[in-house]
Every structure is written in structure tokens, then in C-alpha cells.
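Have the structure open as you read.

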Amino acid sequence: MSELVLFTNSMSRGNTVDLLLKMMGVPYKRIEVAYGAEMHTKEYLAINPMAKVPALVDGDVVVTECAAICLYLADKFIEKGFAPALNSPDRGAYYRWFLFTAGPIESAFTVRDLGVELNEEQQKSFGFGTYERAMAALNIGLEDAKPFICGANITAVDVYVGSFVMFLIKYCGHTATPAMQTYMDNLATHPEIAALLAM
């Protein structure tokens, strides 16, 4: 089996991939890439032309985008139990909340962070509509968690969504809704996540 190599930065979304790999107990090599010139070297641009981290190299396979890396790893090591079985109906919620968080939620957060206000006509053209609508939808998803998104067991989608919710609450001053707090309390039953929340 080829060595997994994660190119990341300790101040990036790559922390989510680090967390997932540690929770799965999968060995990997971690390479810290500094923002700026290091991400624009010819060698790194051959891995990710976007000059962004994280990026995962698995032999001849290169995967970029945090959500895609998490999905790839959970399926590659499906015996670790961090992805529903391929024929499981839980795959619906698994894909839905992975991609909702990577798409509409990320976009809504970025637009809001930039101080951009969309008028009603513009909201029709953006997948998230408004920040408030996107966050309300996420909250509904978390209310349905029993206790995790795919049921009784924590999966990669919980690591991904949980990392984003943790970021919102700890670093962006977002007030946790009761559903968010309950979800984070459930995630904290896993020691790696409990350690992050305690920092």
C-alpha cells in the first residue's frame, strides 16, 4: 500500500483531515506548507494548481478539497467504520450534509464574512440564498442527528460538519443553537474531538 501524504497548514481546513486520519488510526505523512511562496512552487502546483491546502497524495492518486479528501479516506478505509456501507440508505444523509456544508454553507459564510448583502434577485442565483436560510437548514439537519448525522455511529460527515460548527462557535463568535450544542456534546464523546473542544 502506498504512503498517504497530506499537504496542509496548521491554520487551514486541513485540520479536519488531520482529525479524521487520527480518529481512523491511519498512518500518514504530514507536510506543512507555508502560505505564500511555498504554495506557488512548481512542485506544489503540480499537486494542486489552485495553490491551496489541503491536498492528499496516495500513490498516483491526488485528491484536493477538504470534503473530497474526507470522502475518499472514509471509503478507502471503509473497514474503519467512518462511512456508511455503499448500499446503505444512510448514504443519502451522508452525501447531503457533506456537500451542503462544503457548498451552500461555505459560500454563505464567505459572503457574510466579506460583508456582502445579496438582494432578493441575487439570492435566487446563489445556492445558499441567505446566510440565515443556510444556517437554519443546517440546524434542522443537526436536530435530526440521532445522535450523529447517520445515526448511532460517528462518521466522516460528523468530523467534517462538526469541525465547521466548532469553528463557527469557537472562533467566529456564533452563538450555538440548542441543536448545535447537543450535537457538539455528542461529538465530544470521542476523545480526539473532546481534546479539540477543550483547547
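Two strands count as paired if DSSP finds at least two bridges between them. Keep in mind that this is a predicted model.

Four strands make an open sheet in the order 2-1-3-4, and the pairing is mixed. Strand 2 and strand 4 (61-64) sit at the edges, each pairing on one side only. Averaged over the sheet and ignoring direction, neighbouring strands are turned by 20° against each other.

Now for the individual pairs. Strand 3 and strand 4 run antiparallel and are joined by four bridges. Here Val57 stands opposite Val62 of strand 4, and Asp58 stands opposite Val61 of strand 4. These two strands form a hairpin with two residues between them. Look at Gly59 in that turn: its phi is positive, at about 65°.

## Strand 1 and its neighbours

Strand 1 (residues 4-8) has a partner on either side. With strand 3 (residues 55-58) it pairs in the antiparallel sense over four bridges. Leu4 faces Asp58 of strand 3, while Phe7 is opposite Ala55 of strand 3. With strand 2 (residues 29-32), strand 1 runs parallel, again over four bridges, and Phe7 has Ile31 of strand 2 as its bridge partner. To get from strand 1 to strand 2 the chain passes through helix 1 (residues 14-24), giving a right-handed β-α-β crossover.

Is strand 1 mostly covered or uncovered? It is mostly covered, with five of its five residues buried. In a regular strand, side chains alternate between the two faces of the sheet. In strand 1, Leu4, Leu6 and Thr8 are on one side, Val5 and Phe7 are on the other, and all are buried. Strand 3 is covered on both faces too: Ala55 and Val57 are buried on one side, Leu56 and Asp58 on the other.

On the helix 3 side, the contact is made by Ala67, Cys70, Leu71, Ala74 and Asp75. Helix 4 contributes Arg91, Tyr94, Tyr95, Phe98 and Ala102.

## The cysteines

How many disulfides are there? A disulfide needs two cysteine sulfur atoms within 2.5 Å, and by that rule the count is zero. Cys70 is in no disulfide, and the nearest cysteine sulfur, that of Cys66, is 4.5 Å away. Cys70 has 0% relative accessibility, so it counts as buried.

Cys172 counts as partly exposed, because its relative accessibility is 33%.

Notes. Residues numbered from 1 in each chain as written. Predicted model: local features only at pLDDT ≥ 70, side-chain atom pairs only at ≥ 80, totals over all residues. Heavy atoms only, no water. Buried < 20%, exposed > 50% of the residue type's maximum accessible area, 1.4 Å probe, protein only. Right-handed = clockwise from strand over helix to strand, strands pointing away. Contact = heavy atoms within 4.5 Å. Axes fitted to C-alpha atoms, helices over the stretch in contact; angles between N-to-C directions.
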